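My notes follow the display.

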Amino acid sequence: MGFIMKKFTGLVRRCIEDYKMIKAGDRIAVGISGGKDSLSLLCALANLREYYPSHFSLMAITVDMGFEGMNFAEVRELCRRLEVPYTIAKTNIKSVVFDSRDESNPCSLCSKMRRGVLNEKIKEEGITKVALGHHRDDAIETFFMSLIYESRIHCFQPVTYLDRSRVTQIRPLLYANESDISNLVRKYRLPVVTSTCPMNGESKRQSVKELLYDLRER
């Protein structure tokens, strides 16, 4: 295990222990979008699984939303090397959000539909805990999005239990910066799948990301 992976896994482990995210015997699904965040999370958890005192198992799930040009073959190969079972849930979310509904705010509906499919899929597998790839910069951006667009102080929690689906969401990357993740991806050449969503780079989150970057520079 290289230094960068060891350091990154250490951040993930500290977050898991601080918020008691994993118990012995847990079966955890990792939501894999194909982006750098979820792939880094998968690698860190697969690494941690080898020596963590509370034994847990992993599987990886991708919700394929129907966007053309997104190939997850290399993600499947990465999962094979990590010895993590991998499944792809194919959906028509793209067609519903962009074609049938022609939503003015497609990201919100897309996110809800994607979470619904993910939760249903892990329930089919008998899993009740899902790990999501939100990192520290995501948390800061979410706080500012809530403040600016909703006039309230709000952010997602490290551990969230969803009553309706009976699924627990955990976010083990919350101590990692986006730069930590980018370094890991470059070092280990993780097979990032470029999103072909037409809203990629055009969302409210992207606007807030650019605002925060500008504030840091000043």
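Entry 1, ground rules. I am working with a predicted model, where local features need pLDDT of at least 70, side-chain atom pairs count only at pLDDT 80 or more, and totals for chains, interfaces and linings use all residues. Residues are numbered from 1 along each chain as its sequence is written, and side-chain values use heavy atoms, with hydrogens and water left out.

Entry 2, the sheet. I looked up the strand order and found an open sheet of six strands, β3-β2-β1-β4-β6-β5, with mixed pairing. Helices (H or I, at least four residues) and strands (E, at least two) are DSSP runs numbered from the N terminus, and two strands pair if DSSP finds at least two bridges between them. The edges are β3 (86–90) and β5 (159–162); each has a single partner strand, so one side of each lacks a neighbour in the sheet. From one strand to the next, the twist averages 30 degrees. Axes are lines fitted to C-alpha atoms, for helices over the stretch in contact, and angles run from 0 to 180 degrees between N-to-C directions.

Entry 3, around β6. Strand β4 (residues 129–131) pairs with β6 (residues 167–170) in the parallel sense over three bridges, and V130 has Q169 as its bridge partner in β6. β5 and β6 run antiparallel, joined by four bridges, with L162 opposite V167. They form a hairpin with four residues between them, and R166 in the turn has a positive phi of about 60 degrees.

I found P158 in the loop between α6 and β5. P158 counts as buried because its relative accessibility is 12%; buried means under 20% relative accessible area, exposed over 50%, partly exposed in between (1.4 Å probe, protein chains only). Leaving aside neighbours within four places in sequence, P158 contacts Y19, M21, Q169, I170, R171 and L174, contact meaning heavy atoms within 4.5 Å.

F143, L147, I148, Y149, I153, L211 and L215 make a nonpolar surface patch of about 630 Å². Helices α6 (136–150) and α8 (204–217) each give two or more residues to the patch, and α6 has the largest share, four residues. Patch residues have over 30% relative accessible area and no salt bridge; like charges are joined within 9 Å, nonpolar side chains (Val, Leu, Ile, Met, Phe, Trp, Tyr) within 5 Å. Areas come from the Shrake-Rupley method with a 1.4 Å probe, and for residues only the protein chains shown count as cover. A salt bridge is a side-chain nitrogen of Lys or Arg within 4 Å of a carboxyl oxygen of Asp or Glu. I checked L147 in α6; L147 counts as partly exposed, at 37% relative accessibility.
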